[in-house]
Amino acid sequence: MRVFVRLLSTLLGLVVAAAGGLLALEVGWHWWRPADAPLLLPWPAWRDRLSELTWDRSPVPLIAAIVAVAGLALIVATLSARRRTVRMTDPATGVSVTTSPRSLARLVGHRVRAEDNVNGASVTATAKKVRVRATSRLETENQLRPRLRESVGELLSEVPLARRPKVSVVVDSPKDRR
Amino acid sequence: MSKSVSTKALARSYGAERGLTFVIGLIALAAGVVALVVAVGWLGDVRAGRPVLDPLAVEWLGNHAVPSKIVAIVVGVLLFVFGIWWFLRSLRPENRPDIELDREIGRGLTVTSGAISGAVQADAESVDGVAKARARAVGDKENPALRLTLWLREGSDLKAVWEEIDAHVLARARESLGVDVLPTAVRIELDSGERQRVR
């Protein structure tokens, strides 16, 4: 997503430059030689068309909707393209450390799968929250969950994270369904 | 709060591109919504029935022809310059500054970014528990910094690795460059050894 926003940003920069350049050029040319206008763009035709077209006639609402949706898409793209790295404590002045959420999830996943009676686990992590979803055939949720929570908490206290994420554990066990 | 050099070095700067794209999105959304509101007739049916290029506006512009032309040209030139700056800024690759150790004329001493990143990388990879390391110089000439990305093997002790990196790798880099402080951003990928495949 960040590459996409960078690409969009490049294109928009070019569009703004082109629009500004054409505006200055056309107005200046029209001022200097009114008889030879237009220079590059057929703006007198656009002007005539726009002075006939009223706001409620057909292409206007459609174009307005397209512009609004495109703006919304840009906003969504930029908002979702934020950095999701997990900060760790600075070990010395002038040194900053981060890790990726994926790394953190991998670390937690290894620990959870190494616990007894865990058949499988999926972990998602952000800087604020670590979600663990484990499956177990032998223990119920109430038996396994405190143990997993404690184990993950212990692991997270060993990793020097800048802020300690909350841990949520869900256990999926067939024994609970009986 | 201004970011420290090492915090800035964590990732390629990106705020301006993202912020400007967001602003353009906001403008487009606002313009589209306003035009839609006018078209639907929420500002009155008279407004909705008027031409898009309103004769009143055209007349006003005609009465103030010279100032409006000047304003249009100035705005156009400013937009052009701004757009070119924005375009070049989005396209430029991230800096790899050389580190100048001595700037006195006649005895300048510069360490190229390739040399320093190669040395630090080789040092970091020799640390126990580090599967792979990448180092590069980032920032600008006035505030150079080092970005070090470490891939740690599964089960390696983060603290031990960290002490080793700080005590040997970075200390050696600082020593050989003859600086007291070398702003450094470290990105750590945990548990990224070779994947075990099921055969």
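This is a short tour of a predicted model, stop by stop.

**Before you start.** Residues count from 1 along each chain as its sequence is written, chains are lettered from A and ligands numbered from 1 in the order written, and side-chain values use heavy atoms, without hydrogens and water. Because the model is predicted, local features need pLDDT of at least 70 and side-chain atom pairs count only at pLDDT 80 or more, while totals for chains, interfaces and linings use all residues.

**Stop 1: the sheet.** Select β1(A), β2(A), β5(B), β4(B) and β3(B). In that order, these 5 strands form an open sheet with mixed pairing. Strands are DSSP runs of E, at least two residues, and helices are runs of H or I, at least four; both are numbered from the N terminus. Two strands pair if DSSP finds at least two bridges between them. Which strands sit at the edges? They are β1 (86–88) of chain A and β3 (130–139) of chain B, each pairing on one side only. From one strand to the next, the twist averages 25°.

**Stop 2: one strand pair.** Now pick β3(B) and β4 (residues 144–152) of chain B. They pair in the antiparallel sense over 9 bridges. Find Val138(B): it stands opposite Ala145(B) in β4(B).

**Stop 3: two helices.** Show helix α6 (residues 113–125) of chain B. It lies across β3 and β4 of chain B, at about 155° to β3(B). Next, show helix α4 (residues 101–114) of chain A. It packs on the sheet and touches β1 and β2 (95–99) of chain A, together with β5 (184–189) of chain B. Its direction makes about 45° with that of β5(B). Contact means heavy atoms within 4.5 Å. Axes are lines fitted to C-alpha atoms, for helices over the stretch in contact, and angles run from 0 to 180 degrees between N-to-C directions.

**Stop 4: salt bridges.** A salt bridge puts a side-chain nitrogen of Lys or Arg within 4 Å of a carboxyl oxygen of Asp or Glu. How many are there over all chains? The search finds 13. Select Arg50(B) and Asp54(B), whose side chains meet at 2.6 Å, N to O. Is Asp54(B) buried or exposed? Asp54(B) is buried, at 8% relative accessible area, whereas Arg50(B) is partly exposed, at 28%. Buried means under 20%, exposed over 50%, partly exposed in between (1.4 Å probe, protein chains only). Finish with Arg6(A), Glu17(B) and Arg89(B), which are linked in a network of salt bridges.
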